[in-house]
Amino acid sequence: LASVLSSMDPFASPSPLFIREEGEFIRRLQSSLAARLLFDGGYLSEPLMHRQLFLEWLTRFHSKEWVWGNKEQVFRARRKHTQEFSSYYSLSKGRMEHVVAHVLDLSLRVFRACDPRSKASASLRELIRGL
């Protein structure tokens with residue numbers, strides 16, 4: 001939750017200033033709203049909506065393909081997945097990449113501060129390994 005609270009909103013924000021055709025603007029606005037409603041799940045909470053969005057991104061990342069290799073290969077796979085995921089759910093690709101990078105950064109920082117034998121340390125180790 002801390003990561004998503006301090007990240008920019010990854011959902012697309014269509015604006016009539018940039019989308020001249022009214023029909024296209026309405027279509028994109030409806031698509032963005034549908035994605036927000038899907039991830040909100042009726043809780044009416046943006047932090048929980050963003051958390052659910054990240055969890056769905058992570059689940060699909062690992063169910064879609066076996067992620068392995070060096071750091072560069074994993075990074076490329078992560079970016080490719082983020083591109084596809086963002087396009088499917090009407091998200092801003094750059095902001096979604098920022099959310100994922102922020103989760104990884106904060107996880108690494110907390111992991112270094114944890115007792116290596118703690119349950120939190122083990123959970124963070126697996127999350128970091130998965131990103």
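Tutor: Before we start, contact here means heavy atoms within 4.5 Å. Also keep in mind that this is a predicted model.

Student: Thanks! Leaving aside its neighbours within four places in sequence, what is Ser 90 in contact with?

Tutor: With those neighbours set aside, Ser 90 has contacts to Phe 11, Ala 12, Ser 31 and Ser 32.

Student: And where does Ser 90 sit?

Tutor: You'll find Ser 90 in the loop between helix 4 and helix 5.

Student: Is Ser 90 buried or exposed?

Tutor: Buried: its relative accessible area is 16%, and the cut-off for buried is under 20%.

Student: Switching to the rings, how many aromatic pairs are there?

Tutor: The count is six aromatic pairs. Take Phe 39 and Tyr 89: their ring planes are at 70 degrees, with centres 5.0 Å apart, so this pair is edge-to-face.

Student: Which parts of the chain does that pair link?

Tutor: Distant ones, 50 residues apart. Phe 39 belongs to helix 2 (residues 22-40), while Tyr 89 lies in the loop between helix 4 (71-88) and helix 5 (93-113).

Student: What about Phe 85 and Tyr 89, how is that pair arranged?

Tutor: That aromatic pair is tilted, with 55 degrees between the planes and 4.8 Å centre to centre.

Student: Why does Phe 85 count as buried?

Tutor: Because its relative accessibility is 4%, and buried means under 20%. Tyr 89 counts as buried too, at 9%, and Phe 39 is also buried.

Student: Which residues do the ring pairs link into a cluster?

Tutor: The cluster is made up of Phe 11, Phe 39, Phe 85, Tyr 88 and Tyr 89. Phe 11 is also one of the contacts of Ser 90.

Terms used
Residues are numbered from 1 along each chain as its sequence is written. This is a predicted model: local features need pLDDT of at least 70, side-chain atom pairs count only at pLDDT 80 or more; totals for chains, interfaces and linings use all residues. Side-chain values use heavy atoms; hydrogens and water are left out. Rings of Phe, Tyr and Trp (its six-membered ring) pair if their centres lie within 6.5 Å; planes under 30 degrees apart count as stacked, over 60 as edge-to-face and the rest as tilted. Helices (H or I, at least four residues) and strands (E, at least two) are DSSP runs, numbered from the N terminus. Buried means under 20% relative accessible area, exposed over 50%, partly exposed in between (1.4 Å probe, protein chains only).
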